[in-house]
Amino acid sequence: MRVARINGAVTKLLILLCVFPVANAVVDPLTWGLAVGGAVGIYAGYQALQCNYVECCTPKWITPDLNGRMMANITNYLHGQHLVKDVVIKSIKAHVRKFDPQKPLVLSFHGWTGGGKTFVSKIIAHHLYHNGFDSEFVHLFIATHHFPHADSINLYKDNLVNWIKGNISQCQQSLFIFDEVDKMPRGLFDAIKPYLDYHQHVDGARNLHFLSNAGGSGITQIALQNWKAGRKREELKLKDFNSALTLDAFNEKGGLKHSSLIDSNLIDHFIPFLPLERQHVKLCVIDELKRQNRHASGKVIDHITDEVVYLPLDLGVFSKTGCKEIEKLVDYVLETLPENRFACIII
């Protein structure tokens, strides 16, 4: 990739030499070589200087910080997802430490809305890139925005391949996030299989995340059976979900249905996001209050937590929307409760 840019600089020099008059009509090879070499050196120096201020694909801007802060953020702010914490942290650490990995790390996140799938991707981006989720090397694709029409699948495939190739050519240390995979056209991801496979001669991305609601019902049933049996949530293991998740992703409607990525075992981990219980929702409420620099009494916090719908309706075990609507509920309750004047203060 650097060669292409250097060649571009040389080309610009050639054009400038043709446009602007040269003192001597004949330029000897030595002078010509010095001119070209000087231009290359100037360009390299300019590029190095530019990267001090503008994001580049260099260690200054891509600085994985996986030991302390990422672990702390996931542990402190991702509630009720012990399986996610274990698999995500270990797999990313192992992948980043490889000097020349044979394939990208491909993680597929599954579960009900509001369980933390997007949140985890943002934390990962935050600790891989200096600019976090705002880095130009983090690319987010949303089904309803980028791939809304199933009958345009061939166009979407071409666009996706070109987009992946173009961004990888700029920086292989890229992160691609596909949200709402269950709403994407079937067969979409087969087009990018060469960039995820074990090919030494094909430049591939380093990290891809598939976020999907597919498998959410199966995950919930397993979690509910565990709850009814009186077992602790933390006793659930990844192996309890592996077979069900793989089958659900392969068979349910969406971008991974009958996908060659699953057939070829190119998805490294299918990670279940468990449905959140009331205790986890309450922690999300507390986090949101802290984010808004507000303090609330236990009574107000319980009231906000109770505003969430819990399923099954006869048992009220799991939040229907996870923590997705907590910000809205906090704003609403704090503005409408009469005791809010006395229970909540700005800190």
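This is a predicted model: local features need pLDDT of at least 70, side-chain atom pairs count only at pLDDT 80 or more; totals for chains, interfaces and linings use all residues.
**Notebook: loops, confidence and cavities**

I started at Pro312, which sits in the loop between β7 (310–311) and β8. A cis peptide bond joins Leu311 to Pro312. I read its omega as about -10°. I noted for background that most peptide bonds are trans.

**Confidence**

The protein chain has an average pLDDT of 83. I found 81% of the residues scoring at least 70. Strand β8 (residues 318–319) has the highest confidence, at 98. Helix α1 (residues 2–19) has the lowest, with a mean of 30. Over residues 1–25 the pLDDT stays under 50. For that stretch the model has 16 contacts beyond four places in sequence.

**Positive phi**

Next I looked up backbone angles. Most residues other than glycine have a negative phi. His258 is not a glycine, yet its phi is positive, about 50°. I placed His258 in the loop between α9 (242–251) and α10 (260–263). His258 counts as partly exposed, because its relative accessibility of 36% falls between the 20% and 50% cut-offs.

Asn265 also has a positive phi, near 55°. I found Asn265 in the loop between α10 and β5 (269–273). Asn265 is exposed, because its relative accessible area is 61% and the cut-off is over 50%.

**Thr321**

Is Thr321 buried or exposed? I have it as buried, because its relative accessible area is 19% and the cut-off is under 20%. Thr321 belongs to the loop between β8 and α13 (326–336). Leaving out residues up to four places away in sequence, I noted that Thr321 touches Thr113 and Gly114.

**Cavities**

How many cavities of 30 Å³ or more are there? I got two.

The largest cavity holds about 50 Å³ of space. I noted 13 residues in its lining. Nearest its centre lie Ser212, Ala214, Ala249, Lys253 and Leu256. By class, I have four nonpolar, four polar and five charged residues lining the largest cavity.

The second largest cavity has a volume of about 30 Å³. Among the residues lining it are Trp112, Leu274, Pro275, Leu276 and Ser319. The lining of the second largest cavity has four nonpolar and five polar residues. I found no charged residues in it.

How values were computed
Residues are numbered from 1 along each chain as its sequence is written. Side-chain values use heavy atoms; hydrogens and water are left out. pLDDT is the predictor's confidence in each residue, from 0 to 100. Helices (H or I, at least four residues) and strands (E, at least two) are DSSP runs, numbered from the N terminus. Contact means heavy atoms within 4.5 Å. On a 1 Å grid over the protein atoms alone, a cavity is a set of points where a 1.4 Å probe fits but cannot get out, and a pocket is an open set with protein on both sides within 12 Å along at least five of seven lines; lining residues have an atom within 4 Å of a point. Grid points are joined across faces, edges and corners, and a volume is the space filled by probe spheres set on the points. Ala, Val, Leu, Ile, Met, Phe, Trp, Tyr, Cys and Pro count as nonpolar, Asp, Glu, Lys and Arg as charged, and the others, Gly among them, as polar. Buried means under 20% relative accessible area, exposed over 50%, partly exposed in between (1.4 Å probe, protein chains only).
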